[in-house]
Amino acid sequence: MPPVSEPRASFWRRFVESRNGLGLLFMLPAAVFLLCFLTYPLGLGVWLGFTDARIGRSGQWIGLENYAWLMDDPVFWLSVFNTLFYTVVASVLKFGLGLWLALLLNRHLPCKNFFRAIILLPWVVPTVLSALAFWWIFDSQFSIISWVLLKWGIISQPINFLGDPWNARLSVMAANVWRGIPFVAISLLAGLQTIPQSLNEAAAIDGATPWQRFTKVTLPLLTPIIAVVMTFSVLFTFTDFQLIYVLTRGGPVNATHLMATLSFQRAIPGGQLGEGAAIAVAMIPFLLAAILFSFFGLQRRKWQQGAD
Amino acid sequence: MTDQTTITDDHEGLEQFESRTRRIMLVWLPLACFVFVLLFPFYWMAITAVKPNAQLTDYQNHSPFWVVGPTLEHIKYLLFETSYPGWLWNTLVVAVCSTFLSLLASVFAAYAIERLRFRGARVTGLLIFLAYLVPPSILFIPLSVIVFQIGIFDSKLALILTYPTFLIPFCTWLLMGYFRSIPYELEESALVDGATRWQILTKVVLPLAVPGLISAGIFAFTLSWNEFIYALTFISSSENKTIPVGVLTELVRGDIYEWGALMSGALLGSLPVVILYSFFVDYYVSSMTGAVKE
């Protein structure tokens with residue numbers, strides 16, 4: 001037996017000791033997982049978008065019918081508009097407020113670590129659960145915000161936060177911004193801390209005003225990290241589902257439906273898997289645009305570090 | 001991840017030239033507003049959770065911001081008359097199992113990409129990063145079909161197997177950064193001493209990467225604790241639900257909202273991650289900023 005098994009064993013040994021062999025072996029668990037539960041579903045999702053699959057029935061290939069149907073569907077276009085509006089406004093606000101908060105925290109403050117810790121809380125707590133708190137804050141009758149404003153005499157009637165289309169859009173955006181600020185602020189703070197204080201001081205000695213120091217020193221050095229942070233932020237805002245699902249479920253009259261919630265609505269409670277998948281696939285071009293943006297953001301970083 | 005050192009210079013720099021009032025107006029006032037807005041929903045959640053029903057909606061006779069005679073009635077109701085403890089247990093099991101699985105797969109993957117540098121390692125690293133950017137919102141429909149086909153629909157296994165789709169890319173990416181910061185010389189000298197790759201990984205690299213493992217672990221745990229869309233889609237029976245799904249779908253009945261019970265459900269469901277977070281703040285921050293910085 002030994003003469004037979006020996007070359008096998010040595011092949012195994014050679015395989016395991018070689019860089020590529022062992023690399024392959026080590027990659028195997030993660031690769032199998034991601035291929036089965038990420039790559040395959042992604043492909044399956046694209047395929048489902050071309051079928052009329054329903055829950056409990058595998059679909060027939062129907063070509064672009066789903067997409068043609070969506071093209072004529074005003075609710076779909078409303079959800080595209082809502083998604084873009086939601087993403088743009090919420091991201092701009094998150095960026096502005098997050099950067100402001102990061103700049104505040106980057107100063108010489110007592111209990112800096114304490115502030116940093118409590119500011120991250122909205123991001124740590126499960127979104128659904130904090131969204132429930134917002135649901136209660138935005139209650140049509142017992143909203144605490146309405147109560148305070150009534151008390152101060154600013155309004156005469158309770159605000160119907162989630163019942164009116166534009167109020168509902170602004171309310172869910174406010175909740176999204178609330179949840180997104182900590183991530184932006186803490187990430188940008190980490191970026192700010194890598195900028196040496198001496199650069200700012202040198203600029204100040206040369207007579208730069210605080211605003212000039214901010215726009216000509218801090219901001220350029222922060223650009224690469226801003227690009228990455230905002231790509232993440234845009235991606236997660238664009239594909240947001242939880243907040244909308246808890247606060248409005250897309251209502252009133254579809255005014256707050258995002259593409260993700262509409263896709264869920266059509267696919268799971270509605271049973272139209274094919275149509276839901278088509279809506280999800282329609283999100284991909286936007287996501288690719290965001291990823292490309294991130295890619296070029298990272299490219300710029302190399303150039304700024306003087307790598308080549 | 002390579003530059004873990006945050007600059008901690010205690011000198012005040014240019015700030016010492018600012019007047020006190022200017023400092024209060026420009027720093028402390030905005031900061032106080034931020035802290036107030038960011039924390040108010042939690043305060044509101046907590047105060048509602050302990051308010052007796054009579055005070056809950058009676059803003060005329062009781063100030064809504066405070067509570068007279070707090071009650072544990074809502075929490076008691078939650079723990080003894082609903083399936084809440086079961087959801088808590090489900091969430092814990094799912095989070096622990098999927099975190100463990102993801103960490104295991106990620107350690108090997110990250111080591112292979114970063115240190116074995118097999119052919120195509122760079123491309124694999126990039127693919128892992130791209131995998132992290134694939135959102136659950138576009139995966140849940142096909143995944144629900146798959147979960148149904150392999151017969152694990154409405155079971156904890158469905159969640160344990162699907163959560164790693166977003167955990168593995170994240171953990172691998174994070175650990176790659178940690179492994180990169182471990183000097184090559186340590187591994188080389190172990191190799192010269194005759195250690196195998198396996199021994200190098202378990203005896204040299206992993207002990208040095210413990211902070212990275214903790215970061216990745218608690219972060220993955222939090223992400224799976226907070227996950228919602230997969231749990232909502234793949235689970236239908238009440239006894240298999242996780243906290244976020246259970247609280248939202250089972251405690252909200254019709255038009256009568258039991259705000260006290262809802263808020264105490266939200267409060268109790270947040271506590272585990274908040275406690276974990278309070279112990280490991282720095283690990284959280286480093287994993288969050290680490291994932292972004294690379």
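Trainee: Is the crossing of H4(A) and H1(B) left-handed or right-handed?

Mentor: The crossing of H4(A) and H1(B) is left-handed. A crossing is called left-handed if the near helix is turned anticlockwise from the far one by less than a right angle, and right-handed if clockwise. Helices here are DSSP runs of H or I with at least four residues, numbered from the N terminus. Keep in mind that this is a predicted model, where local features need pLDDT of at least 70, side-chain atom pairs count only at pLDDT 80 or more, and totals for chains, interfaces and linings use all residues. Residues are numbered from 1 along each chain as its sequence is written, and chains are lettered from A in the order in which they are written.

Trainee: At what angle do H4(A) and H1(B) cross?

Mentor: Roughly 125 degrees, and the axes of H4(A), residues 74-105, and H1(B) come within 10 Å. Axes are lines fitted to C-alpha atoms, for helices over the stretch in contact, and angles run from 0 to 180 degrees between N-to-C directions. That angle makes H4(A) oblique to H1(B). Under 35 degrees counts as roughly parallel, over 145 as roughly antiparallel, 65 to 115 as roughly perpendicular, and the rest as oblique.

Trainee: Which residues in H4(A) and H1(B) meet?

Mentor: Trp100(A), Leu101(A) and Leu104(A) meet Val27(B), Pro30(B), Leu31(B) and Phe34(B). Nonpolar covers Ala, Val, Leu, Ile, Met, Phe, Trp, Tyr, Cys and Pro; charged is Asp, Glu, Lys and Arg; the others, Gly among them, are polar. Contact means C-beta atoms, placed from the backbone, within 7 Å.

Trainee: And how many residues does each chain put into the contact?

Mentor: Chain B gives 81 residues and chain A gives 76. On the chain B side, H1(B), residues 20-49, gives the most, with 13 residues. That side divides into 57 nonpolar, 16 polar and eight charged residues.

Trainee: Switching to chain B itself. How far apart are the axes of H4(B) and H8(B)?

Mentor: They are 7 Å apart, with H4(B) (residues 84-116) and H8(B) (residues 164-180) packed at about 45 degrees. That makes H4(B) oblique to H8(B). H4(B) passes H8(B) in a right-handed crossing, and the residues of their contact divide into 15 nonpolar, five polar and three charged.

Trainee: Which residues touch the most other members of the largest nonpolar core?

Mentor: Leu132(A), Ala185(A), Leu247(A), Tyr111(B) and Leu175(B), out of 162 residues. Such a core is a set of buried Ala, Val, Leu, Ile, Met, Phe, Trp, Tyr and Cys residues joined through C-beta atoms within 7 Å. Beyond four places away in sequence, Leu175(B) touches Ser106(B), Val107(B), Ala110(B), Ala209(B), Gly212(B) and Ala216(B).

Trainee: What about Ala231(B), buried or exposed?

Mentor: Ala231(B) counts as buried because it has 26 C-beta neighbours inside 10 Å. The cut-offs are 20 or more other C-beta atoms within 10 Å for buried, 12 or fewer for exposed, and partly exposed in between. Ala231(B) lies in H12(B), residues 229-234. Leaving aside neighbours within four places in sequence, Ala231(B) contacts Leu159(B), Thr242(B), Pro244(B) and Val245(B).

Trainee: What is the phi of Arg117(B)?

Mentor: Near 50 degrees, a positive value in a residue other than glycine. Arg117(B) sits in the loop between H4 and H5 of chain B, and is partly exposed, with 13 C-beta neighbours inside 10 Å.

Trainee: Where is Asp154(B)?

Mentor: In the loop between H6 and H7 of chain B. Asp154(B) has a positive phi of about 60 degrees although it is not a glycine.

Definitions and conventions. Two residues are in contact if their C-beta atoms, placed from the backbone, lie within 7 Å. Helices (H or I, at least four residues) and strands (E, at least two) are DSSP runs, numbered from the N terminus.
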